[in-house]
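Have the structure open as you read.

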Amino acid sequence: MRPLEGQVRIPSGCAISAVISREGRCMSGEGIVASMVPMRERSNGLGGGFAGYGIYPDYREFFAIHIFFDDNSCRETCEAFLKERFDLVWAEEIPVRKIPEITDEPLIWRYFAAPLQSALRDMQVDEDTFVARSVLKINVALKGCYVFSSGKNMGVFKAAGYPEDVGRFYRLEEYEAYAWTAHGRYPTNTPGWWGGAHPFGLLDYTVVHNGEISSYDANRRFIEMYGYTCTLQTDTEVMAYIADYLLRRQGLTLEELASVIAAPFWSTIGTKPEREKRQLSYLRAMFSGLLLTGPFSIVLGFTGGLMALNDRLKLRSMVVGEKNDLVFIASEEAAIRAMEPEAEHIWAPAGGEPVIVRVREGAY
Amino acid sequence: MLHINASGLEAAALNETVRRGRGDCEITECLGQRFIGAGLDRGHIAVRGIPGNALGAYLSGASIEVFGNAQDAVGDTMDAGTIVVHGSIGDAAGYAMRGGAIYVRDSAGYRAGVHMKAYEEKLPVLVIGGRVGSFLGEYQAGGIILVLGLHTDGKPITGYFPCTGMHGGKVFLRSPCKDLRFPGKVTAREAGGEDLEEIRPYVAEYCRLFGGDCAEILAGPFTCITPDSSDPYRQLYVAN
């Protein structure tokens with residue numbers, strides 16, 4: 001039997017793409033799927049995925065939990081676990097389109113859920129913490145069950161396959177989002193399982209990533225001290241947990257997150273004004289175990305915005321463009337032009353320079 | 001001249017068509033197709049749209065003109081010919097090129113001219129009109145990199161760590177480079193009359209292609225960076 005993902009280490013290449021409306025205007029998934037077509041050579045058919053924000057307005061107060069199951073007995077076990085902890089207001093199979101390019105699919109379900117108040121009181125935690133712990137518990141302890149999306153009014157859709165086929169499979173043209181991210185995967189020595197495709201998410205944080213984090217194990221050891229368990233050995237899983245830890249639990253800003261994971265070299269910090277030097281030095285020292293070394297370009301998705309970031313040496317390409325209220329981010333300009341031929345202000349952010357785009361307050 | 005509408009064409013099919021046209025062609029609606037003109041030794045290729053990575057890789061004498069931006073690794077390992085880009089280009093422009101010329105109207109990304117080299121009569125030239133990212137001329141072994149700093153966005157002419165590992169060739173930056181830190185193994189000095197004569201033809205060609213006042217650009221000031229021959233890299237990997 002082939003080893004499952006998580007039993008071998010998986011370095012990866014990849015393509016990323018994203019679009020967001022600063023006005024909170026909703027777009028169908030067609031555009032983001034089309035953006036992945038010119039970058040087909042960056043993937044190898046072993047993983048593709050998308051995250052959409054604002055797609056479940058009717059259930060916006062509920063956590064949307066997407067789960068892969070190996071079979072129905074796994075599903076029954078998992079549903080029993082969920083019912084002990086959550087009020088499940090809706091459960092269904094995620095509608096898919098059967099196409100020859102996508103095969104061997106697991107059972108793919110989604111649940112709209114609210115944590116039981118009694119369970120929250122018992123554990124004395126807020127609902128985000130409760131949901132994050134429940135997700136990690138399922139992924140670690142329940143065999144044949146894998147939660148791949150767990151935020152409110154957002155969702156991850158991913159599979160083994162080329163991203164444009166994955167988009168058709170999940171019928172993304174039927175969803176409307178104010179922000180989309182996308183990923184095409186090129187794992188180079190992998191069994192390539194559905195759960196290992198990007199985006200990786202926890203709560204509403206999602207990460208799509210092009211690159212290869214050489215500090216993976218140092219980062220993993222650090223983050224596992226804080227209750228996260230890395231089940232898949234992919235660097236991107238670690239990045240999703242790092243984002244959750246630094247943003248939600250430590251309360252860092254996005255800019256500070258960027259200064260931790262893509263910290264400038266000490267020689268560069270030395271050239272900065274005193275106040276900035278103190279702050280950068282503090283972040284590097286305080287969270288030294290979360291510095292990501294090696295090449296990456298990522299897009300971090302969250303409720304109401306996106307952040308794009310390159311590694312400090314800029315060992316992966318990434319460009320940004322705009323058109324009216326839309327901002328585009330992609331590994332290649334061609335992907336942006338596929339979404340908007342008349343995109344303007346095309347530019348390449350410097351290594352370690354975060355590009356943060358937020359939807360106007362109240363518009364999402 | 002052959003006209004090719006690249007819409008929906010995969011890179012392999014597009015490049016096969018270009019080769020059949022013996023190089024003389026105009027490509028429209030290009031969208032990310034890679035390796036356009038790779039290895040071609042003759043003809044002229046005009047590209048409208050966005051050519052994919054490694055445009056003109058191993059170029060061997062043909063000329064390529066892009067009416068718009070180009071992506072990463074333009075002119076990768078090219079040997080002869082010219083590439084003209086009426087826009088900006090991505091990272092690693094002119095990667096390991098050893099001959100021919102690349103002219104870029106606007107700016108270039110990281111690692112422009114990485115590992116450029118020269119060989120006998122071959123002298124590659126990379127001319128960037130605007131600014132460049134970090135690691136300009138990384139590991140440069142030969143050839144000329146010329147950055148004109150005509151950009152207007154107020155950003156510095158180059159990012160961090162220019163000329164790291166440089167051990168041959170010359171870099172010219174149209175800037176006094178007061179705040180720039182160069183590695184210890186290179187020498188940065190204000191360009192003199194002889195230097196300016198050396199780059200005059202390239203500046204003139206830039207102005208012919210894209211417009212601009214050659215004399216005004218040449219008025220500089222330029223900084224010329226060369227390896228420090230009294231302090232070469234040696235015994236870095238082996239003991240002899």
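Which strands of chain A does helix H2 (residues 72-85) lie across? Helix H2 of chain A lies across E4, E5, strand E6 (107-115) and E7 of chain A, and runs at about 5° to E6(A). Keep in mind that this is a predicted model: local features need pLDDT of at least 70, side-chain atom pairs count only at pLDDT 80 or more, and totals for chains, interfaces and linings use all residues. Residues are numbered from 1 along each chain as its sequence is written, while chains are lettered from A and ligands numbered from 1 in the order in which they are written.

A few terms to get you going:

- Helices (H or I, at least four residues) and strands (E, at least two) are DSSP runs, numbered from the N terminus.
- Two strands pair if DSSP finds at least two bridges between them.
- Angles run from 0 to 180 degrees between N-to-C directions, using axes that are lines fitted to C-alpha atoms, for helices over the stretch in contact.
- Strands of a sheet pair through backbone hydrogen bonds, either parallel or antiparallel.

**The four-strand sheet of chain A**

- This open sheet has 4 strands in the order E5-E6-E4-E7 (chain A), and the pairing is antiparallel.
- Strand E5 (86-93) and strand E7 (145-149) of chain A sit at the edges, each pairing on one side only.
- On average, neighbouring strands here are turned by 30° against each other, direction ignored.
- Strand E4 (residues 63-69) of chain A is joined to E7(A) by 4 bridges, running antiparallel.
- Look for Phe69(A), whose bridge partner in E7(A) is Cys145(A).
- Helix H4 (residues 127-141) of chain A also packs on the sheet, where it touches E4, E6 and E7 of chain A; its direction makes about 140° with that of E7(A).

**The five-strand sheet of chain A**

- Here 5 strands form an open sheet in the order E11-E12-E13-E14-E18 (chain A), again with antiparallel pairing.
- Its edge strands are strand E11 (200-202) and strand E18 (355-358) of chain A.
- From one strand to the next, the twist averages 15°.
- Strand E13 (residues 296-302) and strand E14 (residues 305-310) of chain A run antiparallel and are joined by 6 bridges.
- In that pairing, Gly301(A) stands opposite Leu306(A) in E14(A).

**Parallel strands in chain B**

- Strand E1 (residues 2-5) and strand E2 (residues 25-31) of chain B pair in the parallel sense over 4 bridges, and Leu2(B) stands opposite Cys25(B).
- E2(B) also pairs in the parallel sense with strand E3 (residues 44-50) of chain B, over 5 bridges.

**A bent helix in chain B**

- Helix H2 (residues 193-210) of chain B has 18 residues and reaches 25 Å from its first C-alpha to its last, close to the expected 26 Å (the expected span is 1.5 Å times one less than the number of residues).
- H2(B) bends by about 40° at Ile199(B), with Pro201(B) following within four residues (the bend is the angle between axes fitted to the seven residues ending there and the seven starting there).
- Ile199(B), Val203(B) and Tyr206(B) of H2(B) are buried (20 or more other C-beta atoms, placed from the backbone, lie within 10 Å of a residue's own).
- Just after H2(B), Gly211(B) takes a positive phi of about 90°.

**Where the chains meet**

- In all, 15 residues of chain A are in contact with 16 residues of chain B (contact puts C-beta atoms, placed from the backbone, within 7 Å).
- Helix H11 (residues 333-339) of chain A gives the largest share of chain A's side, 4 residues.

Definitions and conventions:
Contact = placed C-beta atoms within 7 Å. Buried ≥ 20, exposed ≤ 12 C-beta atoms within 10 Å, placed from the backbone.
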